[in-house]
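Please read them with the structure open beside the text.

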Amino acid sequence: MYTMIYVALVVVSSFYLLCILRSILSIISIITNSYRKLWRKPIVHSNPHEPKILNILVVVPLYIEEEYDIKVTLESIARQKYPKNSLLIAIVVEEEDKRTIDNVYRVLNYENLLLNRIKDRIIILKKPPPRTSKASAINYVIKNVEYGDVICILDGGDYLVDEYHMARAVSLINKGYDVVGSQVLRLGESIIGKLSYLDTLIWVKIGLPSIASILGIPLVSGEGLFIRRKTLQRIGYLPPNLLTEDAYLAIPSLHFNIKVAHLDSKVYESTPANILSLVKQRLRWYKGHLQCLLIALKQRGISLLGKAKLVLAYCNPLIITSVLIAYIYTLLTLVGVFPYTLLFPCSIIVILSTYTAPLYTLNIVPRGVRKITILLPFYWLLLSLVSTTALIYPLKIKWYKTLRGQKSRVVNKL
């Protein structure tokens, strides 16, 4: 019994320390307005030579995709103010995923003026088994299609809000950046959808700026991601068995001194359709971050300080798990099962997750969804259960498919 209590104390103490450090980073990020310093929006001109035109290979990995989501992504690409003869869209589908293949052909046969602009610039690749991960699908395209100085990655259902999104990304690459990440916001009309939107908004406005600007760890999202082909070749492509290939890029960025920029252009993505889909999505993310954490600790050529910063960047599953531990520890202490040793820090975590966090979001969220912030503590408690499962249960998580809800009406409101 005492051994279990001792282990619990050590675990809670380490998780609490990570919470303190990340909270300090968030506070500094808010005070110093890191958001505006991080996200860049270069001006692009109507002159086709400004910026210098680079050929872009747009990789769209699909798996069990609905016709609607495929259409949204392709029309979003067609709307871009970028020379269509400098784009090649490579749709990669798992060979056994007949349903998605049929949906792709149905969309391409759909008589639509927007799609007609890019139909002759689309190729379909059927990736043979085994199916492993999104990273393996991306690698398959890049190794089999030689077109493109720059690789752009979009998922099914992604919607590029800014018509100059690609032009701005190329402008940053022309200025010497190797990788350009975008703002990714997940939208949905359900309660889960709105809470996911708030979660991603907090990440874009506070979480990511604190890690990228203050720690200097360039985390990027996998949707709306631009990367030089030579850079991918230099780092040995993406690890095929990794669940979060986007988060992984921070490690080779430090190792190879790769320059990363964050573009102030939004990519809208649908949120999970239900709680089960949300749980599957987060299990994949948390396992992926833990994979990155282990890789960062083992990586040679990165200083101890660099590894410490990477630990802080990849510790999200541990921090989220600390919320559940804090609730349980506080309750057990109140009934006299556990000693009062960590009651104060655990109580602070409970208070922060219950009251403070939803309050500071009020200044960064649209009025239409502010009322839903009161449910954020319950949402984070659910995520804490998921992250705890990812930590203690040795799940072998594959490229889970996240079933998504519709976001069209939400996009119009925002």
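**Notes on the predicted model**

1. The chain holds 17 helices and nine strands, where helices (H or I, at least four residues) and strands (E, at least two) are DSSP runs numbered from the N terminus. This is a predicted model, in which local features need pLDDT of at least 70 and side-chain atom pairs count only at pLDDT 80 or more, while totals for chains, interfaces and linings use all residues. Residues are numbered from 1 along each chain as its sequence is written, and side-chain values use heavy atoms, with hydrogens and water left out.

2. Of the 414 residues of the chain, 57% count as buried; buried means under 20% relative accessible area, exposed over 50%, and partly exposed in between (1.4 Å probe, protein chains only). The chain exposes about 18,800 Å², of which carbon and sulfur atoms supply 60%, with areas taken from the Shrake-Rupley method with a 1.4 Å probe, and for residues only the protein chains shown counting as cover. Among contacts (heavy atoms within 4.5 Å) between residues at least 6 apart in sequence, 84% join residues at least 24 apart.

3. The largest nonpolar core has 52 residues, and Ile 217, Leu 219, Leu 310 and Tyr 314 touch the most other members; such a core is a set of buried Ala, Val, Leu, Ile, Met, Phe, Trp, Tyr and Cys residues joined through side-chain atoms within 4.5 Å. Helix 8 (residues 191–215) gives the most to this core, with 11 residues. Apart from it lies another core, of 40 residues, among them Val 60, Leu 108, Cys 152 and Val 267. Returning to Leu 310, its contacts, leaving aside neighbours within four places in sequence, are with Ile 217, Ala 250, Ile 251, Leu 254, Ala 296 and Ile 302.

4. How do helix 8 and helix 16 cross? The axes of helix 8 and helix 16 (residues 376–392) come within 10 Å and cross at roughly 85°, the axes being lines fitted to C-alpha atoms over the stretch in contact, with angles running from 0 to 180 degrees between N-to-C directions. That makes helix 8 roughly perpendicular to helix 16, a label that covers 65 to 115 degrees, whereas angles under 35 count as roughly parallel, over 145 as roughly antiparallel and the rest as oblique. From helix 8, Leu 195, Ser 196, Leu 198, Asp 199 and Ile 202 meet Leu 376, Tyr 379, Trp 380 and Leu 383 of helix 16.

5. Some backbone geometry deserves a look. A cis peptide bond, with omega about 5°, joins Pro 129 and Pro 130, and Pro 130 lies in the loop between strand 4 (122–127) and helix 6 (134–144). Asn 33, which is not a glycine, has a positive phi near 55° and sits in the loop between helix 1 (2–31) and helix 2 (34–38); at 35% relative accessibility, Asn 33 counts as partly exposed. Ile 64, also not a glycine, has a positive phi of about 50°.

6. Thr 244, in the loop between helix 9 (229–234) and helix 10 (245–248), is buried, with a relative accessible area of 4%. The side chain of Thr 244 reaches the backbone oxygen of Gly 288 at 3.1 Å.

7. Leu 263, in strand 9 (residues 260–270), counts as buried at 0% relative accessibility. Leu 263 and Trp 39 are 224 residues apart in sequence, yet 5.3 Å apart in space, C-alpha to C-alpha.

Key. Polar contact = N/O pair within 3.5 Å; in protein donor to acceptor, adjacent residues only side chain to side chain.
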